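Good morning. Please look at the sequence and the model for a moment, and then I will go through a few parts of it.

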Amino acid sequence: MHQFSAGTHVGNVRDNNEDSYVCDSDKNLWIVADGMGGLGFGEVASAISTYVVLTQVREGHGINQAIELAHNKIKEYADEEAMGTNMGTTLVLLLSQGSLYNIFWVGDSRAYLFDKKLTQLTVDHSLVQSLIDQGELTKEEAEFDPRKNAVTRALGVQELETVRADSISDKWLPGQKILLCSDGLTDCLLYTSDAADDLLCVD
């Protein structure tokens with residue numbers, strides 16, 4: 001039996017909270033989604049993504065299939081209900097299966113492992129991360145780069161016909177905890193920003 005806690009806050013920058021999260025201890029599934037503030041209806045995009053993925057997992061479908069369906073459902077909503085407004089959300093989830101944990105993510109919402117120290121498990125789908133990987137930017141420079149909020153992969157974005165989540169799996173060890181969070185919490189921890197944040201911690 002896993003213990004967990006979760007919380008969300010609008011922060012001091014925006015008027016509405018565009019984050020969503022799910023805690024389903026029956027399915028050992030936890031999700032954090034962060035609607036993209038630069039696009040329209042971010043709170044709707046994040047809510048659709050968490051609802052669709054949760055429903056799909058409860059019905060026995062795989063995570064990748066659930067994420068792809070969520071991507072398409074957001075695009076459908078944009079076309080049918082939001083007059084073609086471009087919508088998007090990042091997503092990170094934890095699925096625990098026996099002695100193993102599985103993490104899937106799209107965008108720059110992150111998972112961290114806490115085992116005496118905090119270790120980032122995910123790799124951002126972002127412009128600055130791409131520049132870091134190419135050797136054109138250092139991690140220190142990326143912290144203050146004005147492009148650091150630009151993501152290269154997200155659910156619902158009209159330009160992407162399909163979306164693929166990256167994933168990792170590993171064994172649980174005694175005393176380990178996993179933190180799922182949106183970039184608002186990442187910013188607060190690393191860049192002392194006042195952005196909105198959403199976090200979910202599982203052990």
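**Strands and a helix pair**

Strand β9, residues 177–181, is largely enclosed by the rest of the structure, because four of its five residues are buried. Buried means under 20% relative accessible area, exposed means over 50%, and partly exposed lies in between, with a 1.4 Å probe and protein chains only. Strands are DSSP runs of E with at least two residues, helices are runs of H or I with at least four, and both are numbered from the N terminus.

A word on the source. This is a predicted model, where local features need pLDDT of at least 70 and side-chain atom pairs count only at pLDDT 80 or more, while totals for chains, interfaces and linings use all residues. Residues are numbered from 1 along each chain as its sequence is written, and side-chain values use heavy atoms, without hydrogens and water.

Back to β9. Strand β6, residues 110–114, runs antiparallel to β9, and five bridges join them. Tyr112 has Leu179 in β9 as its bridge partner.

Next, Lys171, which sits in strand β8, residues 166–171. Is Lys171 buried or exposed? Its relative accessibility is 55%, so Lys171 counts as exposed. Leaving out residues up to four places away in sequence, Lys171 touches Ser99, Leu100, Tyr101 and Gln176; contact means heavy atoms within 4.5 Å. Ser99 is 72 residues from Lys171 in sequence, but their C-alpha atoms are 5.6 Å apart.

Last, the helices. Helix α1, residues 42–58, packs with helix α2, residues 63–80, at an angle of about 145°, and their axes are 8 Å apart. Axes are lines fitted to C-alpha atoms, for helices over the stretch in contact, and angles run from 0 to 180 degrees between N-to-C directions.

How values were computed
Two strands pair if DSSP finds at least two bridges between them.
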